Amino acid sequence: MIDELLARGASPIHALDARCRLTACLLLSLPAAMAQGLAAPLGILGLGLLLTLLSRPPLGVVLRRTAAVNVFVAFLWLFVPAATPGEPVWTFHGLTVTREGLDLALLTTVKANAVFFCVLSLLATIPAPALGRAMTALGVPAKFSFLFVFTYRYLHVIAEEYGRLVVAARLRGFAPATNARTYRTYAALLAMVLVRAYDRSQRVYQAMLLRGFHGRFPSLDRFRAGWPDKVFLCLMALAAALAAYGDWISRSGHA
Amino acid sequence: MHISEGVLSGPVLAGGWALSAVGVGLGLKRLDYDRLMTVAILSAAFFVGSLIHVPIGPVSAHLILNGLLGAILGPAAFPAIAVALLLQAVLFQYGGLIVLGANVFDMAGPAVACAFAFGPLLRRAGKARAVGAFCCGFFAVLLAALLTACALALSGEGFVATAKAIVVAHVPIMLVEGAVTAMAVGFLAKVRPELLVHAPTR
């Protein structure tokens with residue numbers, strides 16, 4: 001359920017320095033998210049798809065996640081085309097679909113998918129501990145990275161504990177329905193998970209103090225950015241700049 | 001209640017990042033290393049808790065739990081929620097890095113605000129605590145839905161209908177969150193009262 005299905009691999013993307021991938025992901029997402037015309041996000045979408053192919057992910061995972069992202073997009077298609085004022089294209093039972101509405105829905109779809117494939121290929125391929133260190137290296141407060149790494153570390157433990165409690169409840173005949181009893185049971189399950197998480201955190205912290213923890217983790221593997229990493233980052237920065245420039249040109253062209 | 005990438009306009013995205021950076025910064029400042037581990041593991045517990053789907057009539061919705069997190073962690077709920085949402089982006093690609101700021105503020109802002117507003121009630125016993133906890137759960141989701149709707153509505157006229165639908169769809173979730181938060185806080189007050197002492201006093 002909460003596995004990093006894409007983080008391990010032997011592809012050229014996985015071989016890149018984690019800091020470079022994180023930076024490249026930010027650089028590419030920015031013009032895609034800010035664009036007002038279709039060209040820039042379409043370009044980034046193409047690049048994102050190419051990067052995703054290069055990272056050689058399991059196809060099933062990609063398809064499932066693409067579907068999940070596009071559920072929200074589909075929800076927008078229900079509302080946006082008819083809610084945007086503009087030139088009517090089609091009228092149906094008092095709802096007027098406008099050209100502007102369709103354009104906005106299409107633009108949103110392309111943007112959402114463009115950023116999605118950048119995140120899928122560049123961010124999801126970084127294992128969480130490496131991402132924590134990459135964030136610190138790029139100036140994110142150390143405490144935040146600490147929280148991130150340990151939240152990830154205990155996610156699986158807590159999920160397992162919750163699973164056990166649910167099984168226990170089910171063995172005792174618990175069947176969820178819309179009633180006070182169900183909500184009380186879930187509240188008790190949840191509170192029990194919190195109590196156990198709290199107790200565990202006390203134990204873990206004491207164990208860390210015992211081993212001499214004083215606020216930072218010395219790590220054995222170092223980041224090393226060689227020339228392929230630098231070339232990759234430069235190329236991605238160039239692509240992002242091109243996309244931003246193209247969008248700016250098309251915007252001033254319309255004005 | 002995620003806003004997906006590509007919807008919000010530039011100023012709204014930038015505003016979300018700025019507000020979230022301030023909130024996370026303030027939350028981290030008050031958080032020392034003694035409590036960091038507790039916040040991390042509770043944040044994991046909330047990540048798992050928010051995967052719980054509860055039946056509401058014919059459909060089911062997942063719990064959001066930002067009110068309960070605020071009630072337990074106080075201002076530290078801000079970085080805790082930020083971390084949980086970043087993890088969702090990394091693990092499931094729910095929203096990217098650009099929209100993260102807005103999503104964090106939409107969830108964490110109400111959590112901390114409710115903790116400050118209803119914190120004094122949470123420290124009392126009996127009915128007052130239950131009412132305070134219900135309000136934490138209820139208003140944290142209400143405010144989160146309103147902030148999400150505002151972010152959408154500010155980004156374009158075409159999103160106003162979507163924004164309204166989001167608020168309406170969350171009304172039953174608010175009630176369930178309020179009830180679950182009240183019962184969970186009651187449980188915690190009996191079993192581990194020390195978990196609730198970090199709720200803000202003023």
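Before you click anything, a word on helices: here they are DSSP runs (H or I, at least four residues), numbered from the N terminus. Their axes are lines fitted to C-alpha atoms over the stretch in contact, and angles run from 0 to 180 degrees between N-to-C directions.

What's on screen is a predicted model, where local features need pLDDT of at least 70, side-chain atom pairs count only at pLDDT 80 or more, and totals for chains, interfaces and linings use all residues. Residues are numbered from 1 along each chain as its sequence is written, chains are lettered from A, and side-chain values use heavy atoms, without hydrogens and water.

**Stop one: inside chain B.** Select residues 100–122 (α5) and 127–155 (α6) of chain B: these helices pack at about 155°, axes 8 Å apart. That angle makes α5(B) roughly antiparallel to α6(B) (the label for angles over 145 degrees).

**Stop two: both chains.** Now show chains A and B together. 75 residues of A are in contact with 71 of B (contact means heavy atoms within 4.5 Å).

**Last stop: a salt bridge.** Zoom to B:R192 and A:D199, whose closest N and O atoms are 2.5 Å apart.

Methods:
Helix = DSSP H or I, 4+ residues; strand = E, 2+ residues; numbered from the N terminus. Parallel < 35°, antiparallel > 145°, perpendicular 65-115°, else oblique. Salt bridge = Lys/Arg side-chain N within 4 Å of Asp/Glu carboxyl O.
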